[in-house]
Amino acid sequence: MKIHYISEENSILNHFLAQLRDVTIQKDSMRFRKNIERIGEIMAYELSKTLPYKAVAVQTPLGIKHTTCIEDNVVLCSILRAGLALHTGFMNFFDDAENGFVSAYRRHGKHGEAGQILVEYQAAPSFQDKILILIDPMLATGQSLVAVIQKLMTEEQPKELHIAVVIAAPEGIEYLEQQLPANVHLWVATLDEKLDDHNYIVPGLGDAGDLAYGQKL
(Lines give C-alpha, C1' and ligand atoms only; values in the text may rest on other atoms or scores of the structure.)
Protein backbone atom coordinates (compact mmCIF):
# COMPACT_ATOMS: atom_id res chain seq x y z
CA MET A 1 0.00 0.00 0.00
CA LYS A 2 1.23 3.45 -0.91
CA ILE A 3 0.83 5.82 2.04
CA HIS A 4 0.80 9.62 1.75
CA TYR A 5 1.16 11.64 4.96
CA ILE A 6 -0.01 15.14 4.11
CA SER A 7 0.77 16.96 7.37
CA GLU A 8 4.48 16.17 7.33
CA GLU A 9 5.07 19.65 5.89
CA ASN A 10 3.66 22.70 7.67
CA SER A 11 0.61 24.16 5.96
CA ILE A 12 -2.82 25.58 6.76
CA LEU A 13 -3.90 21.93 7.06
CA ASN A 14 -2.28 21.73 10.50
CA HIS A 15 -4.20 24.84 11.58
CA PHE A 16 -7.52 23.18 10.70
CA LEU A 17 -6.46 19.92 12.38
CA ALA A 18 -5.62 21.78 15.59
CA GLN A 19 -9.07 23.35 15.63
CA LEU A 20 -10.72 19.96 15.11
CA ARG A 21 -9.04 18.63 18.25
CA ASP A 22 -9.61 21.68 20.48
CA VAL A 23 -12.37 20.80 22.97
CA THR A 24 -13.48 24.45 23.19
CA ILE A 25 -13.79 24.89 19.42
CA GLN A 26 -15.47 21.48 19.05
CA LYS A 27 -18.56 22.87 20.74
CA ASP A 28 -19.38 24.68 17.49
CA SER A 29 -20.59 21.82 15.28
CA MET A 30 -20.90 24.04 12.20
CA ARG A 31 -17.25 25.07 12.52
CA PHE A 32 -16.25 21.44 13.07
CA ARG A 33 -18.00 20.40 9.85
CA LYS A 34 -16.46 23.31 7.96
CA ASN A 35 -12.95 22.40 9.12
CA ILE A 36 -13.49 18.78 8.03
CA GLU A 37 -14.71 20.08 4.68
CA ARG A 38 -11.67 22.34 4.24
CA ILE A 39 -9.36 19.45 5.09
CA GLY A 40 -11.16 17.46 2.41
CA GLU A 41 -10.41 20.19 -0.11
CA ILE A 42 -6.71 20.16 0.78
CA MET A 43 -6.57 16.38 0.55
CA ALA A 44 -8.39 16.42 -2.78
CA TYR A 45 -5.84 18.88 -4.17
CA GLU A 46 -2.89 16.78 -3.01
CA LEU A 47 -4.45 13.57 -4.32
CA SER A 48 -5.18 15.21 -7.68
CA LYS A 49 -1.44 15.58 -8.32
CA THR A 50 -1.07 11.80 -8.66
CA LEU A 51 -3.94 11.17 -11.10
CA PRO A 52 -3.47 10.58 -14.84
CA TYR A 53 -4.03 13.62 -17.05
CA LYS A 54 -4.64 14.13 -20.76
CA ALA A 55 -3.80 16.98 -23.09
CA VAL A 56 -6.69 19.23 -24.12
CA ALA A 57 -7.11 22.36 -26.23
CA VAL A 58 -9.38 25.04 -24.76
CA GLN A 59 -10.94 27.75 -26.90
CA THR A 60 -10.61 31.15 -25.23
CA PRO A 61 -12.04 34.45 -26.54
CA LEU A 62 -8.61 35.24 -28.03
CA GLY A 63 -7.19 31.91 -29.10
CA ILE A 64 -6.42 28.32 -28.13
CA LYS A 65 -4.79 27.29 -24.86
CA HIS A 66 -3.20 23.84 -24.63
CA THR A 67 -3.40 22.45 -21.13
CA THR A 68 -4.33 19.23 -19.27
CA CYS A 69 -7.42 17.75 -17.60
CA ILE A 70 -7.99 14.66 -15.48
CA GLU A 71 -8.15 11.71 -17.85
CA ASP A 72 -10.36 9.26 -15.95
CA ASN A 73 -13.79 9.46 -14.37
CA VAL A 74 -13.75 9.86 -10.58
CA VAL A 75 -16.19 8.31 -8.11
CA LEU A 76 -16.33 9.64 -4.54
CA CYS A 77 -17.71 7.22 -1.96
CA SER A 78 -18.05 8.08 1.72
CA ILE A 79 -18.91 5.98 4.76
CA LEU A 80 -21.96 7.30 6.56
CA ARG A 81 -22.38 9.42 8.54
CA ALA A 82 -19.07 10.88 9.65
CA GLY A 83 -17.75 10.95 6.09
CA LEU A 84 -20.30 13.44 4.78
CA ALA A 85 -18.45 16.67 5.61
CA LEU A 86 -15.16 15.29 4.27
CA HIS A 87 -17.04 14.12 1.18
CA THR A 88 -18.26 17.68 0.60
CA GLY A 89 -14.68 18.95 0.61
CA PHE A 90 -13.68 16.42 -2.03
CA MET A 91 -16.80 17.18 -4.06
CA ASN A 92 -15.93 20.90 -4.06
CA PHE A 93 -12.80 20.05 -6.06
CA PHE A 94 -13.88 16.94 -7.97
CA ASP A 95 -17.10 18.64 -9.04
CA ASP A 96 -17.66 16.32 -12.03
CA ALA A 97 -17.32 13.19 -9.90
CA GLU A 98 -20.08 10.66 -9.39
CA ASN A 99 -20.97 10.01 -5.76
CA GLY A 100 -21.70 6.97 -3.61
CA PHE A 101 -22.56 6.35 0.03
CA VAL A 102 -22.16 3.27 2.21
CA SER A 103 -23.09 2.51 5.82
CA ALA A 104 -20.96 0.30 8.06
CA TYR A 105 -21.36 -0.51 11.74
CA ARG A 106 -20.34 -3.14 14.23
CA ARG A 107 -23.05 -5.39 15.62
CA HIS A 108 -22.26 -6.07 19.26
CA GLY A 109 -23.18 -9.30 21.00
CA LYS A 110 -25.78 -9.72 23.72
CA HIS A 111 -23.19 -9.11 26.43
CA GLY A 112 -21.48 -6.17 24.72
CA GLU A 113 -18.68 -8.12 23.08
CA ALA A 114 -17.46 -6.94 19.68
CA GLY A 115 -19.18 -8.61 16.76
CA GLN A 116 -19.30 -8.62 12.99
CA ILE A 117 -19.06 -5.43 10.94
CA LEU A 118 -22.15 -5.08 8.78
CA VAL A 119 -22.34 -3.15 5.51
CA GLU A 120 -26.09 -2.84 4.99
CA TYR A 121 -26.70 0.29 2.92
CA GLN A 122 -24.98 0.89 -0.39
CA ALA A 123 -25.88 3.52 -2.98
CA ALA A 124 -23.05 3.89 -5.45
CA PRO A 125 -22.65 4.29 -9.20
CA SER A 126 -20.57 1.95 -11.30
CA PHE A 127 -16.87 2.47 -10.62
CA GLN A 128 -15.55 -0.17 -13.00
CA ASP A 129 -12.26 1.09 -14.49
CA LYS A 130 -12.71 4.48 -12.80
CA ILE A 131 -10.82 6.26 -10.03
CA LEU A 132 -12.54 5.35 -6.74
CA ILE A 133 -11.88 7.56 -3.73
CA LEU A 134 -13.17 6.07 -0.47
CA ILE A 135 -13.69 8.70 2.24
CA ASP A 136 -13.82 8.21 6.02
CA PRO A 137 -12.48 10.73 8.59
CA MET A 138 -11.17 8.27 11.20
CA LEU A 139 -9.02 5.18 10.65
CA ALA A 140 -8.93 3.29 13.97
CA THR A 141 -8.76 -0.51 13.61
CA GLY A 142 -9.34 -0.41 9.84
CA GLN A 143 -11.88 -3.23 10.01
CA SER A 144 -14.82 -1.12 8.83
CA LEU A 145 -12.89 0.18 5.83
CA VAL A 146 -11.82 -3.31 4.80
CA ALA A 147 -15.39 -4.59 5.18
CA VAL A 148 -16.69 -1.78 2.96
CA ILE A 149 -13.99 -2.37 0.33
CA GLN A 150 -14.70 -6.09 0.24
CA LYS A 151 -18.41 -5.37 -0.19
CA LEU A 152 -17.85 -2.81 -2.95
CA MET A 153 -15.41 -5.01 -4.86
CA THR A 154 -17.78 -7.97 -5.06
CA GLU A 155 -18.81 -7.19 -8.64
CA GLU A 156 -16.62 -4.31 -9.88
CA GLN A 157 -12.99 -3.23 -9.80
CA PRO A 158 -11.79 0.38 -10.05
CA LYS A 159 -8.81 1.43 -12.13
CA GLU A 160 -7.31 2.95 -8.98
CA LEU A 161 -8.42 2.87 -5.34
CA HIS A 162 -7.61 5.79 -3.06
CA ILE A 163 -8.57 5.92 0.63
CA ALA A 164 -8.74 9.33 2.33
CA VAL A 165 -8.75 9.67 6.13
CA VAL A 166 -8.19 12.65 8.38
CA ILE A 167 -6.76 10.94 11.49
CA ALA A 168 -5.23 7.47 11.51
CA ALA A 169 -3.86 5.13 14.16
CA PRO A 170 -0.78 2.99 13.40
CA GLU A 171 -2.77 -0.17 14.15
CA GLY A 172 -5.33 0.70 11.48
CA ILE A 173 -2.67 1.40 8.88
CA GLU A 174 -0.96 -1.89 9.67
CA TYR A 175 -4.26 -3.74 9.25
CA LEU A 176 -4.91 -2.13 5.87
CA GLU A 177 -1.41 -3.04 4.73
CA GLN A 178 -2.12 -6.66 5.62
CA GLN A 179 -5.51 -6.78 3.92
CA LEU A 180 -5.25 -4.59 0.82
CA PRO A 181 -3.22 -4.82 -2.41
CA ALA A 182 0.07 -2.97 -2.74
CA ASN A 183 -1.29 -0.61 -5.41
CA VAL A 184 -3.91 0.97 -3.11
CA HIS A 185 -3.22 4.59 -2.10
CA LEU A 186 -3.88 5.67 1.51
CA TRP A 187 -4.04 9.43 2.12
CA VAL A 188 -3.63 10.45 5.77
CA ALA A 189 -3.99 14.04 6.94
CA THR A 190 -2.26 13.19 10.23
CA LEU A 191 -1.00 10.12 12.08
CA ASP A 192 -1.76 9.76 15.80
CA GLU A 193 -0.03 7.72 18.51
CA LYS A 194 -2.11 4.59 19.12
CA LEU A 195 -5.45 2.99 19.96
CA ASP A 196 -6.50 2.70 23.59
CA ASP A 197 -8.11 -0.38 25.17
CA HIS A 198 -11.50 0.61 23.69
CA ASN A 199 -10.04 1.10 20.18
CA TYR A 200 -10.33 4.90 20.37
CA ILE A 201 -7.62 6.89 18.62
CA VAL A 202 -5.26 8.69 21.05
CA PRO A 203 -5.01 11.67 21.22
CA GLY A 204 -7.66 11.72 18.47
CA LEU A 205 -10.57 14.14 18.68
CA GLY A 206 -13.56 12.14 19.89
CA ASP A 207 -16.47 10.85 17.80
CA ALA A 208 -16.36 12.75 14.49
CA GLY A 209 -19.93 11.87 13.61
CA ASP A 210 -21.30 13.10 16.93
CA LEU A 211 -19.24 16.28 16.80
CA ALA A 212 -20.43 17.05 13.28
CA TYR A 213 -24.08 16.01 13.47
CA GLY A 214 -25.04 15.49 17.13
CA GLN A 215 -25.10 12.44 19.37
CA LYS A 216 -26.87 9.32 18.15
CA LEU A 217 -29.04 6.97 20.19
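**Exercise 1. Where is Arg-81 placed, seen against β4 and α3?**

Solution. Before you start, note that this is a predicted model: local features need pLDDT of at least 70, side-chain atom pairs count only at pLDDT 80 or more, and totals for chains, interfaces and linings use all residues. Residues are numbered from 1 along each chain as its sequence is written, and side-chain values use heavy atoms, with hydrogens and water left out.

Step 1: find β4 (74–80) and α3 (83–93); Arg-81 sits in the loop between them. Helices (H or I, at least four residues) and strands (E, at least two) are DSSP runs, numbered from the N terminus.

Step 2: check the peptide bond between Leu-80 and Arg-81. That bond is cis, with omega about -5 degrees.

Step 3: look for a cis bond at Pro-203 too. The bond from Val-202 to Pro-203 is cis, with omega near 0 degrees, and Pro-203 is in the loop between β12 (201–202) and α6 (208–213).

**Exercise 2. Work out which residues of α1 are buried, and how they are arranged.**

Solution. Buried means under 20% relative accessible area, exposed over 50%, and partly exposed in between (1.4 Å probe, protein chains only).

Step 1: go through α1 (residues 12–21). Leu-13, Phe-16, Leu-17, Gln-19 and Leu-20 come out as buried.

Step 2: look down the axis. The buried residues of α1 fall within an arc of 160 degrees, so they line one face of the helix. The arc is that of the directions from the helix axis to the C-beta atoms. As background, an α-helix has 3.6 residues a turn, so residues three or four places apart point the same way.

Step 3: see what covers them. The cover includes α2 (29–48), β9 (160–168) and β10 (185–191).

**Exercise 3. Describe the surroundings of Gln-26.**

Step 1: list its contacts (heavy atoms within 4.5 Å). Not counting residues up to four places away in sequence, Gln-26 touches Leu-20, Arg-21, Phe-32, Leu-205 and Leu-211.

Step 2: follow the side chain of Gln-26, which reaches the backbone oxygen of Leu-205 at 2.8 Å.

**Exercise 4. Asp-72: buried or exposed?**

Solution. Step 1: find Asp-72 in the loop between β3 (63–70) and β4. With a relative accessible area of 15%, Asp-72 is buried.

Step 1: check its partners. Leaving out residues up to four places away in sequence, Asp-72 touches Pro-52, Ile-131 and Lys-159. The side chains of Asp-72 and Lys-159 are joined by a polar contact of 3.0 Å. A polar contact is a pair of N or O atoms within 3.5 Å; within protein, one must be able to donate a hydrogen and the other to accept it, and residues adjacent in sequence count only if both atoms are side-chain atoms.

**Exercise 5. Which residues have the most contacts inside the largest nonpolar core?**

Solution. Step 1: know what to look for. A nonpolar core is a set of buried Ala, Val, Leu, Ile, Met, Phe, Trp, Tyr and Cys residues joined through side-chain atoms within 4.5 Å.

Step 1: the largest one has 37 residues, and Ile-39, Phe-90, Phe-94, Ile-133 and Val-166 have the most contacts inside it.

Step 2: ask who contributes. α1, α2, β4, α3, β7 (131–135), β9, β10 and α6 each supply at least two residues of this core, and α2 gives the most, with seven.

Step 3: zoom in on Ile-133. Apart from neighbours within four places in sequence, Ile-133 is in contact with Leu-47, Val-74, Val-75, Leu-76, Cys-77, Phe-90, Phe-94 and His-162.

**Exercise 6. Compare the backbone at Asp-129 and Asn-199.**

Solution. Step 1: read phi. Asp-129 has a positive value near 60 degrees and isn't a glycine; Asn-199, not a glycine either, has a positive phi of about 65 degrees.

Step 1: Asp-129 is in the loop between β6 (117–123) and β7, and Asn-199 is in the loop between β11 (194–195) and β12.

Step 2: check accessibility. Asp-129 counts as exposed at 52% relative accessibility, while Asn-199 counts as partly exposed at 41%.
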